[in-house]
Amino acid sequence: MCDLLQLKEIFNRKGVLISFNGSLTNSIIEEIGNAIRQYLVDNKHGKGTISDVFAVYIEQTQNVRNYLKISGLEEKYWSTILVISNKDGNYQVSSGNSIRKQDVPTLLARLEQINNLDQAGLKKLYKEQLRKERNPVSLGAGLGLIEIARHAKEKLDYQFDEIDENCDFFSLIVTIQGEPDA
Amino acid sequence: MLDIPATKTSPRIFFSEESKKLKISGESYPENTFAFFEPVFTWLNTELPNYDQVTIEVNIRYMNSSSTKCLLDIMDMLAEAAENGSNISAIWYYDPENERSHEIALEFGEDVSIPFIIKPEDQSGQS
């Protein structure tokens with residue numbers, strides 16, 4: 001028998017509200033998004049907080065899904081972990097997915113660039129990116145990570161761990177303020 | 001004829017021949033955002049020169065970053081029509097109970113060169 005009680009205790013300790021482990025399809029992104037929105041409404045959160053958490057969640061999950069679609073990675077690498085939690089009154093959206101080793105330096109440079117900017121700098125970078133010609137290979141506009149950082153309370157928390165000779169595992173933890181500054 | 005029905009993750013996009021209004025309303029985070037907006041770009045390219053007056057009305061609850069990019073591209077195409085002599089304006093509805101919604105409206109307006117009016121949605125009687 002698996003240790004569900006043990007798993008539950010870990011979830012309780014970490015304040016986990018929703019977690020998903022598997023291939024992130026579009027309908028799963030949609031359903032979890034609806035669930036988290038409803039949860040925040042039921043817990044009497046302001047619309048600003050709901051917007052922030054939902055925006056981070058959508059950008060993060062669509063980023064992962066779009067990346068995996070264009071990466072050409074085999075299906076065994078598609079499994080993604082997603083965790084939404086509440087820690088000390090703040091929300092965290094965490095995702096972990098495979099990334100091809102050759103794509104790590106570009107992503108790392110982008111994350112470092114973003115973490116070195118304050119809100120005004122992020123806005124400027126966002127607007128520059130908005131005016132750039134879209135990369136035809138990409139499924140997004142290259143705005144996702146900047147958008148995430150603009151909604152986050154803290155710097156982006158990330159880590160790369162080796163899976164095998166082809167891939168690393170990219171973890172991204174984003175913290176969002178539970179309620180706007182009083 | 002432009003009338004794309006709304007889904008749970010994509011807005012209704014409708015052009016009214018009568019009022020000359022291009023209305024975009026609902027949620028906007030479709031799976032492949034650029035593919036979703038493609039018919040609108042096509043319509044603007046082919047049909048916009050036939051109208052000397054168009055008002056775009058946007059009332060979106062949430063849009064992902066790719067939708068923001070697409071909406072800005074739509075505004076740019078409308079601005080080009082305005083430069084060619086058409087009477088073009090934009091109305092952006094925001095949720096007065098959501099401070100983020102107002103911030104998004106204001107920031108979006110900074111990048112738009114056509115007349116851009118920001119209104120709270122409750123007073124508009126629109127949904």
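1. In this predicted model, helix H1 (residues 33-47) of chain B packs against H2(B) at an angle of about 10°, and their axes are 10 Å apart. Since angles under 35 degrees count as roughly parallel, H1(B) and H2(B) are therefore roughly parallel to each other. On the H1(B) side the contact is made by B:Thr33, B:Phe34, B:Phe37, B:Val40 and B:Leu44, and on the H2(B) side by B:Ser66, B:Ser67, B:Cys70, B:Ile74 and B:Met77. By class, this contact of H1(B) with H2(B) has seven nonpolar and three polar residues, with no charged residues.

2. The sheet of chain B is open and mixed in its pairing, with six strands in the order E1-E2-E3-E4-E5-E6. Strand E1 (3-4) and strand E6 (116-120) of chain B stand at the edges with a single partner strand each, so one side of each is left without a neighbour in the sheet. At the E1(B) end, two bridges join E1(B) to strand E2 (residues 12-16) of chain B, and these strands run antiparallel; within that pairing, B:Asp3 has B:Phe14 of E2(B) as its bridge partner.

3. Helix H2 (residues 65-83) of chain B lies across strand E3 (21-28), strand E4 (53-63) and strand E5 (87-94) of chain B, and runs at about 170° to E4(B). Helix H3 (residues 99-110) of chain B also packs on the sheet, where H3(B) touches E5 and E6 of chain B and its direction makes about 160° with that of E5(B).

4. Turning to the contact between the chains, 18 residues come from chain A and 18 residues from chain B. On the side of chain A that touches chain B, the elements that give two or more residues are helix H2 (26-42), helix H3 (47-71), helix H5 (119-130) and helix H6 (144-151) of chain A. H3(A) supplies the largest share of that side, eight residues, and the residues of the side as a whole divide into six nonpolar, six polar and six charged.

5. Which residues have the most contacts inside the largest nonpolar core? They are A:Val53 and A:Val56, in a core of 53 residues, and the largest share of this core, seven residues, comes from H3(A). When neighbours within four places in sequence are left aside, A:Val53 is in contact with A:Ile36, A:Leu40, A:Tyr91, A:Val93 and A:Ile176. There is also a second, separate core of six residues, which includes A:Ile29, A:Val64, A:Leu68 and A:Leu82.

6. Some elements of chain A call for a separate remark on burial. Of the 11 residues of helix H1 (residues 4-14) of chain A, the number buried is zero, so H1(A) lies largely in the open; H1(A) is followed by A:Gly15, whose phi is positive, near 70°.

7. One of the paired positions is A:Glu162, whose bridge partner in E5(A) is A:Asp168. E4(A) and E5(A) form a hairpin, with four residues between them.

How values were computed. Residues are numbered from 1 along each chain as its sequence is written. Chains are lettered from A and ligands numbered from 1 in the order in which they are written. This is a predicted model: local features need pLDDT of at least 70, side-chain atom pairs count only at pLDDT 80 or more; totals for chains, interfaces and linings use all residues. Two residues are in contact if their C-beta atoms, placed from the backbone, lie within 7 Å. Ala, Val, Leu, Ile, Met, Phe, Trp, Tyr, Cys and Pro count as nonpolar, Asp, Glu, Lys and Arg as charged, and the others, Gly among them, as polar. Two strands pair if DSSP finds at least two bridges between them. Axes are lines fitted to C-alpha atoms, for helices over the stretch in contact, and angles run from 0 to 180 degrees between N-to-C directions. Angles under 35 degrees count as roughly parallel, over 145 as roughly antiparallel, 65 to 115 as roughly perpendicular and the rest as oblique. A nonpolar core is a set of buried Ala, Val, Leu, Ile, Met, Phe, Trp, Tyr and Cys residues joined through C-beta atoms within 7 Å. A residue is buried if 20 or more other C-beta atoms lie within 10 Å of its own, exposed if 12 or fewer, and partly exposed in between; C-beta atoms are placed from the backbone.
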